[in-house]
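Student: Please take a close look at a single part of this structure and say how it is put together, and then how the chains meet.

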Amino acid sequence: MRAEVLKGHLDGLLLAALEPGPLHGYAVMEALRTGSGGRVDLPTGTVYPALHRLERAGLVRSCWSTEGGRRRRTYELTPAGSRALAGERSSWQEFSTAVSALLEGRPWPTPA
Amino acid sequence: MADPGLSDASLNPAARRVIGIYLAELANQLRGPSAARAAILAELGDGLWTATAAHQAQRMYPEGAARAAVAEFGDPGTVAAGFDPELAAATGRRVGLGLLATGPLVGTSWLLLVAATWTGAGREPPAAFGLLRSAAGASPGRSAAGPWWSRKRTPPPATRRRCRRTASGGPGVWGRWRPGLR
């Protein structure tokens, strides 16, 4: 899956990858790859600026530790990030239902 | 021959050269405060070595694993461009803090200079200038503590948060993913 296809959804995917618990940048990319069966396969280097952007927006926070003699930065969701993820999920549901209805020629589902 | 999956790629000169070249190219294209750039390079360096270990776990030789890691991270120019907004924000914060720190000093210096000019001309400067001099530590009442620039400085708070450690002593956040241990 190419980066431009994911445009607009990357933030939600990164937040979802961090939902189970804190991860460092490479592990975030691995979570995306594994969770999508290898279909989400962005250049790993591009994930780091996106994580920094989410941190500046207050949706994730990071901390540093030393692992195997190297400095390692780990990210975790903030409460605002959890709320943003819930919002992303809800808007994705609405978007995918609408696109599915249009592509498959089905009527818009109406509540019973 | 030793099992390539068992040797530590970070000890392999060829693998170190591959990762070093990538980080040097990235460093050349990052624009911003040196501390922010150093943090980015440390973070991506850790990521590259973690990726190298992951490729080694799939039975690649250290140099090949490092090359695969570099290819996986993508073009350094593209990665560096991704950091532009963050580094610009960091530069803005630094300039803002600098102005915050130096603005009052410059203003006070100007006022003290004006006060000295008044005194030199044989006139008593307005009372407000005396207050300023007191604030700068020049009045006899403040001489015991000395002027502000000679007082002991409190070290600035740590700018980077360190991870909380768990009871077992580890950072407690690494358990979810380790190369070769999935």
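Tutor: In chain A, β2(A) and strand β3 (residues 70-77) pair in the antiparallel sense over eight bridges; strands are DSSP runs (E, at least two residues), numbered from the N terminus, and two strands pair if DSSP finds at least two bridges between them. This is a predicted model, in which local features need pLDDT of at least 70 and side-chain atom pairs count only at pLDDT 80 or more, while totals for chains, interfaces and linings use all residues. Residues are numbered from 1 along each chain as its sequence is written, chains are lettered from A and ligands numbered from 1 in the order in which they are written, and side-chain values use heavy atoms, leaving out hydrogens and water.

The hairpin of β2(A) and β3(A) has two residues between the strands, and G68(A) there takes a positive phi near 60°. E67(A) stands opposite R70(A) in β3(A). Strand β2 of chain A, residues 60-67, is mostly covered, with six of its eight residues buried (under 20% relative accessible area, 1.4 Å probe, protein chains only).

Turning to the other chain, R73(A) forms a salt bridge with E43(B), the closest N and O atoms being 3.5 Å apart; the term requires a side-chain nitrogen of Lys or Arg within 4 Å of a carboxyl oxygen of Asp or Glu. Between chain B and chain A the count is six salt bridges. The contact (heavy atoms within 4.5 Å) takes 35 residues from chain A and 32 residues from chain B.

Notes. Buried < 20%, exposed > 50% of the residue type's maximum accessible area, 1.4 Å probe, protein only. Helix = DSSP H or I, 4+ residues; strand = E, 2+ residues; numbered from the N terminus.
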